[in-house]
Amino acid sequence: MSMPFCDLKAGYDAHKQELDAAAARVLNSGWHILGPECGAFEEEYAKWNDAAHCIGVANGTDAVELALRGVGVEAGDKAATVSHTAVATVAAIERMGAIPVFVDIDERRFTMSPASLARVLEAHKIKAVLPVHLYGQCADMDAISALAREHGCLVVEDCAQAHGSLLNGRKAGTFGDAASFSFYPTKNLGAFGDGGAVLTNNQAVAGKVQSLRQYGWEKRYISSIQGFNSRLDELQAAFLRARLKYLDAENNRRRQLAAMYVDRLGHIGGLTMPFTAPDCSPVWHQFVIMTETGKRDDFIKSLAGGGIPTAIHYPLPVHMQPAYAGRIAADPVGLAATEAICQRIVSLPMYAAMPEENLEKICAAIDNYYSNGGKGK
Ligand SMILES: *Cc1c(COP(=O)(O)O)cnc(C)c1O
């Protein structure tokens, strides 16, 4: 008996009627790109985040690039970010010709370490700081923003995994000069295809991103800057509008599931439960635990043998991947926390529509594994 790590069909079934109606509305409208659905979604998503502007784009990677360009980062500028992230964060920086510099992570939060950022800011002339709210946990924005301000840097938040995460009661994505979101199907707010958005409180930044996403147009057929094609289509925008109504409830369901995991597994000595900073209310895009060093492979294999799926986000930090190894500058003292935790992290199944009995089976299997001295059955 096996269970899925993630179940996108269950996410559709939960709101089938509204999603079907949204699709029919767009198909019948005769308008498929940058129309009323996209405009309405942008307004609704900005409001939900308590931000002034939202600009829909084609995907989360484009959103990182357009946010960086929107705030004024140019080719040749350096952007400080983490290596413990989806490779897209770094790919977007390089695609626009900017230069990534890697900052280590805080070993408990798994997000950008302010101490490491301070060393990077001393060693390099950094134009923008790009923290990632990984797994839906909040980066330490108070400390990061203060350092950025001190060094005259722009701040762009990668919120691809943090739709609705709260830091001191404020939504992730409203702390920097701009923020990027992904609506890749497995994200907390997922489309039925690709999608993304840039969020900002700055009207000039919003205007620039709006222009960049459509050929650099200032008005129809007149390009005032070099632009792209990166648009959120009407169909995806309509799906996202339908789903946004349930996002608070679904994020809260993830919070409940996370609390249940901690309740059931927190006593196991060989495991480290996720750390949540006291000022953060995460949205649990992933539920990531740690085994002891050297014990992970056996743990994963044993669970898989019992039909329990797990994943690793991410097995290899970006600076150790073939496309990046040996050519990107980093914190002068290295990325010790990044390299250490990637040997120990394991993601357990976590999605809003996950049946509680799955969580029970997962926890029973883990309990059983450790009751047998970590040797499986
Ligand atoms: C998913 C993700 C992205 C990229 O989003 P796409 O929509 O796949 O392009 C960027 N950053 C992070 C942290 C992500 O998780």
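Tutor: A crossing of two helices is left-handed if the near helix is turned anticlockwise from the far one by less than a right angle, and right-handed if clockwise. Helices (H or I, at least four residues) and strands (E, at least two) are DSSP runs, numbered from the N terminus. With that in place, the crossing of helix 4 and helix 8 can be described as right-handed. The model is predicted, so local features need pLDDT of at least 70 and side-chain atom pairs count only at pLDDT 80 or more, while totals for chains, interfaces and linings use all residues. Residues are numbered from 1 along each chain as its sequence is written, and side-chain values use heavy atoms, with hydrogens and water left out.

Helix 4 covers residues 60–71 and helix 8 covers residues 203–212, and the two pack at an angle of about 130° with their axes 8 Å apart (axes are lines fitted to C-alpha atoms over the stretch in contact, and angles run from 0 to 180 degrees between N-to-C directions). Helix 4 and helix 8 are therefore oblique to each other, given that angles under 35 degrees count as roughly parallel, over 145 as roughly antiparallel, 65 to 115 as roughly perpendicular and the rest as oblique. On the helix 4 side, L66, R69, G70 and V71 take part in the contact (heavy atoms within 4.5 Å), and they meet V205, K208, V209 and L212 of helix 8. Sorted by class, this contact of helix 4 with helix 8 has five nonpolar, one polar and two charged residues (Ala, Val, Leu, Ile, Met, Phe, Trp, Tyr, Cys and Pro are nonpolar, Asp, Glu, Lys and Arg charged, and the others, Gly among them, polar).

Helix 4 also packs with helix 5, residues 87–95, where the two axes come within 8 Å and cross at roughly 45°. That angle makes helix 4 oblique to helix 5, and helix 4 passes helix 5 in a right-handed crossing. Here T61, D62, V64, E65 and L68 of helix 4 meet A88, T89, A92, I93 and R95 of helix 5, a contact that by class has five nonpolar, two polar and three charged residues.

E65 forms a salt bridge with R69, their closest N and O atoms being 2.9 Å apart (a side-chain nitrogen of Lys or Arg within 4 Å of a carboxyl oxygen of Asp or Glu). Because E65 and R69 are four residues apart in helix 4, about one helical turn separates them. E65 is buried, with a relative accessible area of 3%, whereas R69 counts as partly exposed at 22% (buried is under 20%, exposed over 50%, partly exposed in between, with a 1.4 Å probe and protein chains only).

A search of the whole structure finds 19 salt bridges, and another of them lies in helix 2, residues 16–29, where D20 and K16 are four residues apart, about one turn of the helix. The closest N and O atoms of D20 and K16 are 2.9 Å apart, and both residues are partly exposed, D20 at 33% relative accessibility and K16 at 40%. The salt bridge of D367 with R264 has its closest N and O atoms 4.0 Å apart. This pair links distant parts of the chain, since D367 is in helix 12 (residues 356–371) and R264 is in helix 9 (residues 234–265), 103 residues apart. D367 is partly exposed at 23% relative accessibility, and R264 is partly exposed with a relative accessible area of 24%. Salt bridges that share partners also join R25, E37, E44 and R241 into one network.

The C-alpha atoms of G227 and L212 are separated by 4.4 Å, although the two residues are 15 apart along the chain. Leaving out residues up to four places away in sequence, G227 touches L212, Y215 and G216, and at 31% relative accessibility G227 counts as partly exposed.
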